[in-house]
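Morning, everyone. Let me walk you through one structure.

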There are 2 protein chains.
Amino acid sequence: MTTDTQSRVAAAVDRAVEDAAASGFETTSRADRARWLRALADALDADRAALVPLAHAETHLSEARLDGEVTRTVGQLRFFAAVIEEGSYLEATIDSADATLTPPRPALHRMLRPLGPVAVFSASNFPFAFSVLGNDTASALAAGCPVVVKGHPGHPELSRRVAELATQALADAGAPSGALSLVEGVEEGVALVEHPSVTAVGFTGSLRGGRALFDIASARPAPIPFYGELGSLNPVVVTEAAAAARAAGVAEGLVGSFTRDGGQYCTKPGIVFVPSGAGLEGEVAARIPGAPAQQLLTQGMSDAFARGSSALADRDDVEVVAVGAADDAASAPTVLAVSVDAFAAAHETFLTECFGPLTLLVRYADRAELDRAIAVLEGSLTATIHCEPDEDVSSLTERLSRIAGRVLFNGWPTGVAIAWGQQHGGPWPATTASIHTSVGATAIRRWLTPLALQDAPASVLPAELAAGNPLGIPRREDGVLVVPGTERA
Amino acid sequence: MTTDTQSRVAAAVDRAVEDAAASGFETTSRADRARWLRALADALDADRAALVPLAHAETHLSEARLDGEVTRTVGQLRFFAAVIEEGSYLEATIDSADATLTPPRPALHRMLRPLGPVAVFSASNFPFAFSVLGNDTASALAAGCPVVVKGHPGHPELSRRVAELATQALADAGAPSGALSLVEGVEEGVALVEHPSVTAVGFTGSLRGGRALFDIASARPAPIPFYGELGSLNPVVVTEAAAAARAAGVAEGLVGSFTRDGGQYCTKPGIVFVPSGAGLEGEVAARIPGAPAQQLLTQGMSDAFARGSSALADRDDVEVVAVGAADDAASAPTVLAVSVDAFAAAHETFLTECFGPLTLLVRYADRAELDRAIAVLEGSLTATIHCEPDEDVSSLTERLSRIAGRVLFNGWPTGVAIAWGQQHGGPWPATTASIHTSVGATAIRRWLTPLALQDAPASVLPAELAAGNPLGIPRREDGVLVVPGTERA
């Protein structure tokens, strides 16, 4: 960078972060923030007819899919409004003084508070749901953290448009200025992670980009948490019994899942363990000619997919099961197969995510071979078991639970429900922070830090910790969890 | 290191970690682990008469203090047994299927599960409470994580003795072998953090040592969380009104706190903002001749304290308020004073922790000067306000809440109570992971990671997530927090 460019980058990022830091957003009430989240949801919903075509033009994703994604994003914003209204996320805890203990216990009032300004790197493959007003932004605003979004270059016009409508909606609803802003550019992204007033980073993207930013966040003079969701292989195990009982149904589901929207999901099933010799492969192959081809998000991704899929297909130890139709723009759905021996021997190659409509069938002869293959797997967001009702899959479940944040049964991992109990995370390299999630109610925990007040005068206690529980939230009082509206039986 | 040394180090660490990984400890029940924690508490308590003199000989801490620390450590082990029996720490969450949502919601069962083998670096200044069977170990074992402790070289015989009795107590109580072991040595510590089967690290120690190990943990091919508690300045603000109303009482408390056990606490009040010209300084100075001198934990610490306190006292902008009695072995309690201007101008020097019986009074003229001084503070474990009942300290509280995990009123930060609502953490450089705590019930969260089971057959659900809640733990069911033993009013 030239000195001029450096100054311009620094000035843009400084302005966004300092506006966030000066916004006073951390001291706003939960009631206000819930209202603002719903105002953002309403604004997004109201502008749907203009936003969807804009997103389609920039990402090539279908308008039907994008319309559904708007609905999802609106739902996420409303969901986090409900989460903060309910209030348990604060972990409000009150211990009364007890001088008889060793050491003596003073009066303690503890709850979680917002960290401060956070940076959110938006994703290419979810231009709404993991972008300017996506899950990271919604959960951070809900927590009380002002947000500076680093827009994804794959959909710049959409990002600007959504940022504009969000800023307007927040202003109209009376939120402090500086609560949400957008910066763009690679250097700006680095400057954002390095900025001393940024307290945490959320990221959805590639392993390479995520690792580079994680390393910067960790090497800062004052390191900060970096919540990176870096993609995943999402292994699927089809048991012999399941393959025998319902090969056609499993094949139908698999092809639908790995080719959905061009396979551009971090939860795409990229590795499927199939029993050798079962009819499943034929059923999968039969469905590939009818599978949709999709132009990928960017030319760079199309090129990378072509290179990656060819490199795998050209290997001597790989069999090409089926390749679908493609044209100059769209990428062809591709199914490859390999033995457990070959998979284990070259697992570093096979465990490199090929982003796009490709899945690899790994043929296993028996449980011992299956275990050998599973042993080389790395962390994933999901793992899936297709089995029959009378099978005992508890040891297989335990095994897969160690490498994935979500384990599914007789379903497909694409499509991540918004729910209190959702988990979207997993061991490295699926994420940089496996004890957290980027989807579901507890995604808010990433932006909060505990504060204990010792022997505090009533005048400084937040209403959530005040005597008599005036805001009616669940609290732990002298060790006992108390939920307003319920009574000891 | 020579190749022979490297091999020896690698072999010792490999054995400990692989034994932990093979122990099956992660799949043990909460009921068993609660029993084992209590067995450890009983064994420690029973061996108190032998352990306290051994600790005294190695650390120079008084037998009375060490006896109290054993009581505290026994209490911590029993506390975490109660925490896991209560069960809310699992965050058990059940969402039933709802096909009407976008995206549709499958049935989800979520709870936290143990990460796997963890490393715990024990502290010099708490040979029991933050050592082999200290808070990190107790919370990790409670979580279901097997532990490899890196013993502190300041009390090697004690560490070995406690590890032996712990191993025996666990074996007698039927716990799996490999659940807890001890390694020693600097190279062993590094190898432990680098070991691919170690999933997280707890550390209590110096900023320099902690940063070095944090950097290693973050730079691993698969990075892992590093929970480091690195010490703290623990600023105290005495308001003009408090200084006027009760200078003698504040001085008495301050001298007692900063000289307690040689000032060797991470919560020692190291910086005290005092109103210029108030009588407080004289009251403090008057108590120094009567304050106890204490031989520090190691010769290295004594030397570092002598160097650090002299370097500060010799500065032109520093006034020596009082220096207590010392002899060849013991370090002298030392009180220094500086103006806000000088403090702010050389804050990097004044914010370097001087481990031992030293505190720095920073003289402020008015609230504007106080704010200017507070603005240069870094993260601390605690911050304290001494004020009068009719004062409005809410803005001061908000300010200090941003830089400390615990804010105290009219008390002293040394002595960290064991409680559900305790928080022992804070922004960098107090810790490497400010959103967590190393003391209190939620310290267990550091060793746990969420798992969601989607459309799981009943046969693979843990009992904590089974229909009808057979284990009777608090759970969130379809968004509603349900505490067994209570009913909707």
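This is a predicted model: local features need pLDDT of at least 70, side-chain atom pairs count only at pLDDT 80 or more; totals for chains, interfaces and linings use all residues.

A word on naming before anything else: helices and strands here are DSSP runs, numbered from the N terminus, with a helix needing at least four residues and a strand at least two. With that in hand, take Pro429(A): this residue sits in the loop between β16 (404-409) and β17 (448-454) of chain A.

Pro429(B) is in the loop between β16 (404-409) and β17 (448-454) of chain B. For context, most peptide bonds are trans, and most residues other than glycine have a negative phi.

Asp455(A) is not a glycine, yet its phi is positive, near 50°. Where is Asp455(A) found? In the loop between β17 and β18 (475-477) of chain A. Its relative accessibility is 36%, so Asp455(A) counts as partly exposed.

In chain B, look at Glu91(B). Again not a glycine, again a positive phi, about 55°. Glu91(B) is placed in the loop between α4 (63-86) and β1 (93-95) of chain B. At 23% relative accessibility, Glu91(B) is partly exposed. The cut-off matters for that call: buried means under 20%.

Another glutamate of chain B is Glu464(B). Is Glu464(B) buried or exposed? Buried, because its relative accessible area is 11%. Glu464(B) lies in the loop between β17 and β18 (475-477) of chain B. What does Glu464(B) touch, leaving out residues up to four places away in sequence? The list has Arg30(B) and Arg475(B), then Asn469(B), and also Leu90(B), Ala92(B), Met111(B), Leu471(B) and Ile473(B).

Now the whole chain. Chain A has 15 helices and 20 strands. How does its radius of gyration compare with the globule rule? The radius is 24 Å, close to the 23 Å that the rule gives for 489 residues, so chain A is as compact as a globular protein of that length. Along the principal axes, its C-alpha trace spans about 75 × 60 × 40 Å. Of those 489 residues, 61% count as buried.

Contacts next. Take pairs in chain A that are at least 6 apart in sequence: 77% of these contacts join residues at least 24 apart. The accessible surface of chain A is about 16,800 Å², and carbon and sulfur atoms hold 54% of that.

Next, how the two copies relate. Chain A superposes on chain B by a rotation of 180°, with 0.0 Å of shift along the axis and an RMSD of 0.0 Å. The two copies are therefore related as by a two-fold rotation axis. Which surface do they use to meet? The same one, because 99% of the interface residues of chain A are also interface residues in chain B.

On to aromatics. A ring pair is described by the distance of the centres and the angle of the planes. How many aromatic pairs are there over all chains? The count is 22. Phe203(A) and Phe226(A) make one of them, a tilted pair, with 5.7 Å between centres and 35° between planes. That pair links distant parts of the chain: Phe203(A) is in strand β6 (residues 200-204), Phe226(A) is in strand β7 (residues 226-229), and they are 23 residues apart.

Both rings are tucked away. Phe203(A) is buried at 8% relative accessible area, and Phe226(A) is buried at 4%. Phe226(A) also pairs with Phe214(A): the centres are 6.3 Å apart and the planes are at 70°, so this pair is edge-to-face. Phe214(A) lies in helix α8 (residues 207-219) and Phe226(A) in strand β7, so the pair ties together parts twelve residues apart in sequence. Phe214(A) is buried as well.

Last item: charges over rings. Arg65(A) lies over the face of Phe126(A), 4.7 Å from the ring centre. In chain B, the charged end of Arg65(B) sits over the ring of Phe126(B), at 4.6 Å from its centre.

That's my tour.

Methods:
Residues are numbered from 1 along each chain as its sequence is written. Chains are lettered from A and ligands numbered from 1 in the order in which they are written. Side-chain values use heavy atoms; hydrogens and water are left out. Rings of Phe, Tyr and Trp (its six-membered ring) pair if their centres lie within 6.5 Å; planes under 30 degrees apart count as stacked, over 60 as edge-to-face and the rest as tilted. Buried means under 20% relative accessible area, exposed over 50%, partly exposed in between (1.4 Å probe, protein chains only). A charge sits over a ring if NZ of Lys or CZ of Arg is within 6 Å of the ring centre and within 35 degrees of the ring normal. Copies are superposed by least squares on the C-alpha atoms of residues with pLDDT of at least 70 in both. Contact means heavy atoms within 4.5 Å. The radius of gyration is taken over C-alpha atoms; the globule rule is 2.2 Å times the number of residues to the power 0.38. Accessible areas come from the Shrake-Rupley method with a 1.4 Å probe; for residues, only the protein chains shown count as cover.
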